[in-house]
Amino acid sequence: MHISGVHTVLPDHRYEQAEIIEAFSRLTEADRDLLEHFRDATGVRARHLALALEDYGKLDSFTRANETYAEIALDLAERAVLGALAKADVPPARVDHLMFCSSTGLATPSLDARLAQRAGLRDDVRRVPVFGLGCAAGAAGLARLNDYLRGWPAHVALLVCAELCSLTLQRDDTSVANALAGALFGDGAAAVVATGRGPGPEVVATRSKLYPGTGHLMGWEIGRHGFRVVLDPGLIGFVEQVVGGDVRTFLADYGLTPDQVGAWICHPGGPKVIETIAGALGLPVSAFAVSLESMREHGNLSSVSVLDVLQRTRGRPGQPGLLLALGPGFSAELVLLHW
């Protein structure tokens, strides 16, 4: 599979981090000192949000937040799709397979059904909506597109990720996890056009890893309140314990070591996550400079972030790259690339 076009789209509402923290501290019951601590610790400079800051107070129910999600996520997704298709020089009518990933809202009919019609895809396009993979969905989606195109190499496949994390912020949640989410996550959408044969970096191999008994580390607590974030304090320790070994094993199966990878396309889950992965692999944090740049400029966009990093990455011909994302489950998704 070849990645022929990648396009990220962000909402028009962009705010400096200090503005967002000030507004969220007034809107929620989160500890202001904690919000300001994470404002500084994350290194995020600015974020794009689905709504103007003054409009978040109008989200007085899960219903209203979810209706807002469906409207804005669809608009961003359409722009991402059209941008990726233009970069790949592929007309919408050539798309055979559409995978849509999101974990920050719900809709039935699923948003991919509406998206296919708005973007001008054929009425026989094969659709796969995916919910719940969280931050890992961008990498997992690429891996599943690769599976599809191995069976249908003449086809064109499209991956779309849309996440509006800001709409899930909980006003009455005073937890550390909610404060961190309020200081780290942003909104956006991204699309990838993939072909069995064509231009762009090639997917050489993929691997999925699910760690039993770790569902408590990351996810949502879903109820009348909507999506309440779950981020366990033991998450960083677990990443340090297992991810380095699994990445090394995957690379070794293809005759590579971490120092031979020229392009690291890592989901920017947060500075501590990136530092932990770098340390576990014996690499300098500078190897993940593109991921850190994406996080500083936009925050953590959940599944969209790793695709934004992919769009920013300029691999050299003949160079291997590794795309990596972690998500609920707890799980890891690895995609080996070759330019």
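Guide: Let's start with helix α7 (residues 235–252) and helix α8 (residues 271–280), whose axes come within 8 Å and cross at roughly 45 degrees. Axes here are lines fitted to C-alpha atoms, for helices over the stretch in contact, with angles running from 0 to 180 degrees between N-to-C directions. Helices are DSSP runs of H or I with at least four residues, strands are runs of E with at least two, and both are numbered from the N terminus. This is a predicted model, where local features need pLDDT of at least 70, side-chain atom pairs count only at pLDDT 80 or more, and totals for chains, interfaces and linings use all residues. Residues are numbered from 1 along each chain as its sequence is written, and side-chain values use heavy atoms, leaving out hydrogens and water.

Back to the pair: α7 and α8 are therefore oblique to each other (under 35 degrees is roughly parallel, over 145 roughly antiparallel, 65 to 115 roughly perpendicular, and the rest oblique). On the α7 side, Ile236, Val239, Glu240, Gly244 and Arg248 meet Lys272, Val273, Thr276, Ile277 and Ala280 of α8, contact meaning heavy atoms within 4.5 Å. By class, that contact has five nonpolar, two polar and three charged residues; Ala, Val, Leu, Ile, Met, Phe, Trp, Tyr, Cys and Pro count as nonpolar, Asp, Glu, Lys and Arg as charged, and the others, Gly among them, as polar.

The largest nonpolar core has 43 residues, with Leu158 and Val160 making the most contacts inside it. Such a core is a set of buried Ala, Val, Leu, Ile, Met, Phe, Trp, Tyr and Cys residues joined through side-chain atoms within 4.5 Å, and buried means under 20% relative accessible area, with exposed over 50% and partly exposed in between (1.4 Å probe, protein chains only). Elements giving two or more residues to this core include α1 (17–27), β6 (156–164) and β7 (187–195), while α3 gives the most, with twelve. Beyond four places in sequence, Leu158 is in contact with residues including Val81, His97, Met99, Leu121 and Val193. Another core, of 40 residues, lies apart from this one, and Ala181, Phe185, Leu235 and Leu283 are among its members.

Last stop, a loop residue: Leu53 sits between β3 (46–49) and α3. Leu53 is buried, at 16% relative accessible area. Leaving out residues up to four places away in sequence, Leu53 touches Tyr15, Glu19, Ile20, Ala23 and Phe24. Leu53 and Tyr15 are 38 residues apart in sequence and 8.6 Å apart, C-alpha to C-alpha.
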